[in-house]
Amino acid sequence: MSAEYREEPCRSALNRVSGMPFGWSLNPYMGCAHRCTFCYVRAFERRADRPSDDRYGRSIRVKVNVVEVLRRELARKRWAREGVVIGAATDPYQPAEGRYRLTRGSIEALAEVRNPLSIITRGPLIVRDIDVLSEAARRADVAVTFSVPTLDPEIWRRTEPGTAPPLQRLRALRRLVDAGISAGVGMAPILPGLSDRPELLADVVRAARDAGATSIWTNVVNLRPGTREHFLENLAHDWPELLPRYERLYAGRTYPSRDMVEPVRREVAELRDHFGIGDRRQVRLLPIADPEPVSQQLELGAVGFGGDAGSVATPTRKTRIA
């Protein structure tokens, strides 16, 4: 299914976020061609009176001026260089990015002011931007999370119809890690009765370790109104025998009980320890200190080191190797 792309300017780039483990997000696009059946953004679309059913993902808003707006917002005196998550409500490396390069431009803008950033994606296209990600990682904290909830081909095809294969995402992760960029795996969302089987969880954790993932975490699917209806409709078509179980698990709630969630988290934590997932990068790109002001360099050259001001060399940027 092809998507329609609507080129529309935005008034703001940075979004204040509440109820999440981060405070700011940036979404160069609205809507997502990946069309995952479980996508939590469908719930936001419904609240905004936009389609959350099969029509979601058919029309993508392209914020054509988002990089210019972002630069203006980052230049404000009150901006405190707080961490920014790119891709909280869309995939920043969905197919449109190949043409518009708005995610790439946003990374460059954040790097220019040494602003920490993280990225959530299912898109292997991110390897195109290893150069700007590497430069950003020399200036501020940078982390990438690849969403890989399962390697099972049937579950993947039916629940993530527009995404790249999971193993292709893990190959992209390996490219980033080899370049020195911190890249981990988010096993989310796990689907009860489908991707929560112990052998399937182990497959993902093992493959993440083999790809060099620096971290791994997991979460179980939540079904808010908008997401719920679309997901259950697809479940009834693909796995009708599971529909009664989901209706029980999610009766009167958007998230399953702790009795369902905690065993999955515990299993993944044990697998993480068993397979030894951790930061094993051979080269680590880490932020270097801000260059000293020119006036201070001149003073040190003329007084501190016994030279004359005219002989002070311009400091060169180096990659810290940890």
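Tutor: Residues are numbered from 1 along each chain as its sequence is written. Because this is a predicted model, local features need pLDDT of at least 70 and side-chain atom pairs count only at pLDDT 80 or more, while totals for chains, interfaces and linings use all residues, and side-chain values use heavy atoms, with hydrogens and water left out.

Student: How many helices and strands are in the chain?

Tutor: The chain has twelve helices and ten strands, where helices (H or I, at least four residues) and strands (E, at least two) are DSSP runs numbered from the N terminus.

Student: What makes Trp24 and Trp79 an aromatic pair, and why is the pair called edge-to-face?

Tutor: Rings of Phe, Tyr and Trp (its six-membered ring) pair if their centres lie within 6.5 Å, and planes under 30 degrees apart count as stacked, over 60 as edge-to-face and the rest as tilted. By this rule there are four aromatic pairs. The centres of Trp24 and Trp79 are 5.2 Å apart with 75° between the planes, and the pair is therefore edge-to-face. Trp24 lies in strand β3 (residues 24-26) and Trp79 in the loop between α2 (66-74) and β6 (84-86), so the pair ties together parts that are 55 residues apart in sequence.

Student: Which other residues form an edge-to-face pair, and why is Tyr40 called partly exposed?

Tutor: Tyr40 and Phe44 form an edge-to-face pair, at 5.9 Å centre to centre and 75° between the planes. Buried means under 20% relative accessible area, exposed over 50%, and partly exposed in between (1.4 Å probe, protein chains only). Tyr40 has 30% relative accessibility, so it counts as partly exposed, and Phe44, with a relative accessible area of 34%, is partly exposed as well. Trp24 and Trp79, by contrast, are both buried.

Student: How do you know that Glu45 is buried?

Tutor: The relative accessible area of Glu45 is 8%, so Glu45 is buried. Glu45 is found in helix α1 (residues 41-47). Leaving aside its neighbours within four places in sequence, Glu45 is in contact (heavy atoms within 4.5 Å) with Met30, Arg50, Pro51, Ser52 and Tyr56.

Student: Is Ala88 buried or exposed, and where is Ala88 placed?

Tutor: Ala88 has 11% relative accessibility, so Ala88 counts as buried, and its place is in the loop between β6 and α3 (96-100). Beyond its neighbours within four places in sequence, Ala88 is in contact with Phe22, Ser25, Asn27, Tyr40 and Val41.

Student: What makes α7 and α8 roughly parallel to each other?

Tutor: The axes of helix α7 (residues 166-178) and helix α8 (residues 198-211) come within 9 Å and cross at roughly 30°, so α7 and α8 are roughly parallel to each other. Leu170, Leu173 and Arg174 in α7 meet Ala207, Ala208, Asp210 and Ala211 in α8.

Terms used:
Axes are lines fitted to C-alpha atoms, for helices over the stretch in contact, and angles run from 0 to 180 degrees between N-to-C directions. Angles under 35 degrees count as roughly parallel, over 145 as roughly antiparallel, 65 to 115 as roughly perpendicular and the rest as oblique.
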